[in-house]
Amino acid sequence: DAQKTLFDAAEKVSAPAGEALPTPTPWYPANPAIAARRVIPVLAGGSVFVATEAGALAAKENGQLLWQYTVPNIADTMPGAQMGFHRPAVLCDPAGKPQVVVVRQIVGGTRFGCLRAFRADDGKLLWSTETASSLGSWSLVSAPVLAGGTVLAIGIDDTTRPAPVAVFAFETMTGRYLWQAPLGGFITLEEGHDPLVGVALVDDD
């Protein structure tokens with residue numbers, strides 16, 4: 001299964017910290033295309049956190065599974081939703097213990113992206129942006145980034161062409177929408193193209 005493949009692959013390669021992996025792996029290709037999938041595990045407080053567009057899991061450093069989540073109604077997802085960077089953002093307390101894990105995933109049965117947050121120790125779903133009225137027709141397309149008590153992600157509006165790009169901010173503990181700001185560019189998408197994968201950035205000047 002995906003969990004066994006991930007940890008088996010990790011055991012077969014080794015590289016000094018900060019250097020590229022010496023061989024391709026199922027979760028991090030050595031010479032990927034621009035939109036190729038890159039699944040990047042995060043180690044925090046003695047646990048490993050892994051997320052993709054379709055699920056998330058936490059395990060001890062020895063590979064023992066702690067919890068796992070699977071996005072419901074995943075079958076009709078467009079292939080492009082699998083691409084890009086998949087890296088969870090982990091919020092730790094001052095002692096270094098993981099508290100909240102935030103991931104970018106798809107909204108089940110659609111091709112749009114959302115953020116989901118899980119309690120780090122048992123995987124309980126704390127909040128999700130998939131029903132946030134503040135997002136409207138925006139799809140969250142980037143891996144989340146934490147800045148203190150705020151989580152940031154890039155979004156695009158798939159209802160117009162070219163699609164505008166903006167950064168969105170949410171409260172890490174509750175998922176409450178805080179603000180959004182345009183990034184001054186547009187993503188050109190072909191009709192029917194998966195909004196989780198941008199083709200090109202163009203200046204709007």
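Predicted model: local features only at pLDDT ≥ 70, side-chain atom pairs only at ≥ 80, totals over all residues.
Let me start with glutamate 171, which is partly exposed, with a relative accessible area of 25%, where buried means under 20% relative accessible area, exposed over 50%, and partly exposed in between, using a 1.4 Å probe and protein chains only. Glutamate 171 forms a salt bridge with arginine 176, and their closest N and O atoms are 3.2 Å apart; by salt bridge I mean a side-chain nitrogen of Lys or Arg within 4 Å of a carboxyl oxygen of Asp or Glu. Arginine 176 counts as partly exposed too, at 48% relative accessibility.

Residues are numbered from 1 along each chain as its sequence is written, and side-chain values use heavy atoms, with hydrogens and water left out.

How many salt bridges does the rule give? The count comes to four. One of them joins glutamate 130 to arginine 116, with the closest N and O atoms 3.1 Å apart. On accessibility, glutamate 130 is partly exposed, with a relative accessible area of 36%, whereas arginine 116 is buried, at 1%.

Let me turn to aspartate 122, which forms a salt bridge with arginine 119, the closest N and O atoms being 2.6 Å apart. Aspartate 122 is partly exposed, with a relative accessible area of 38%, and arginine 119 is partly exposed as well, at 32%.
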